[in-house]
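Student: I have a structure to study. Can you take me through the terms used for it?

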Amino acid sequence: MKIDPVIENSWKQVLTEEFQSDYFFELKNILLVEKKKYQIYPPGSEIFAAFNYTTFDSVKVVILGQDPYHGAKQANGLCFSVRKGIPLPPSLRNIFSELKNDLGYPVPLNGDLQKWASQGVLLLNATLTVRASQAGSHQNKGWENFTDAAIKKLSDNKKNLVFILWGNYAQAKERLIDTTKHFIIKSPHPSPFSADRGFFGSKPFSKTNDYLRNTNQEEIEWRL
């Protein structure tokens, strides 16, 4: 059975083998069963939003998250991002606090990160769906195979990308990245449980732009 998800064409071509694989077929069946029993986030049209907002060719920066938000109306398919009008989750509040400390920008009024995505910042969760109110409920069902493949394709086929790896889970993905070709920024996760242990003061936004500038790439306008 051929699976034909709604995903931007350059990514569809790069990830063709994944969409035709046995694990992806099994994943689709799992999700069909899950949808009959549970509320699933984000909505189906936004599951691949990270890829649809940031084409393969346009990627300059990758920020890795773990799961979509599992609260009502929060998840929009971009890691750490929430819809306009939704209160900022704690990790995103801390990201914005570091943005202010790093670049002096005011804390944004909403948490929609589409502006970053449209400039080449791939906001990728390792797992692209979740049950309502059940964090981690769709881990180890196949999504990690898919998103690992996307990271590996970026590493192998592009050069001078910035990978921002916050926390141990994201940093475990470094094994997929050719560190001789790309720039890695690592720090503790922005969660309130760990942000004080080195996330604050890590200056990921200015470090990213320094690297982009030094490799003759257009900098990211991080101001929202």
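Predicted model: local features only at pLDDT ≥ 70, side-chain atom pairs only at ≥ 80, totals over all residues.

Tutor: Residues are numbered from 1 along each chain as its sequence is written, and side-chain values use heavy atoms, leaving out hydrogens and water.

Student: What makes Glu144 a residue without a salt bridge?

Tutor: A salt bridge needs a side-chain nitrogen of Lys or Arg within 4 Å of a carboxyl oxygen of Asp or Glu. For Glu144, the nearest side chain of opposite charge is Lys173, 6.6 Å away.

Student: Why is the pair Glu144 and Thr127 called a polar contact?

Tutor: Their side chains meet at 3.3 Å. A polar contact is a pair of N or O atoms within 3.5 Å, where one must be able to donate a hydrogen and the other to accept it; residues adjacent in sequence count only if both atoms are side-chain atoms. The pair therefore qualifies.

Student: Where does Glu144 lie?

Tutor: Glu144 lies in helix α7, residues 143-157 (a DSSP run of H or I, at least four residues).

Student: How do you know that β2 and β5 pair?

Tutor: Two strands pair if DSSP finds at least two bridges between them. Strands β2 (61-65) and β5 (162-166) have 4 bridges, in the parallel sense. So they pair. In β5, Val162 is the bridge partner of Val61.

Student: What is the strand order of the open sheet?

Tutor: The order is β3-β2-β5-β6, with parallel pairing. The edge strands are β3 and β6, as each pairs on one side only.

Conventions:
Helix = DSSP H or I, 4+ residues; strand = E, 2+ residues; numbered from the N terminus. Buried < 20%, exposed > 50% of the residue type's maximum accessible area, 1.4 Å probe, protein only. Lys, Arg positive; Asp, Glu negative; His and termini not counted.
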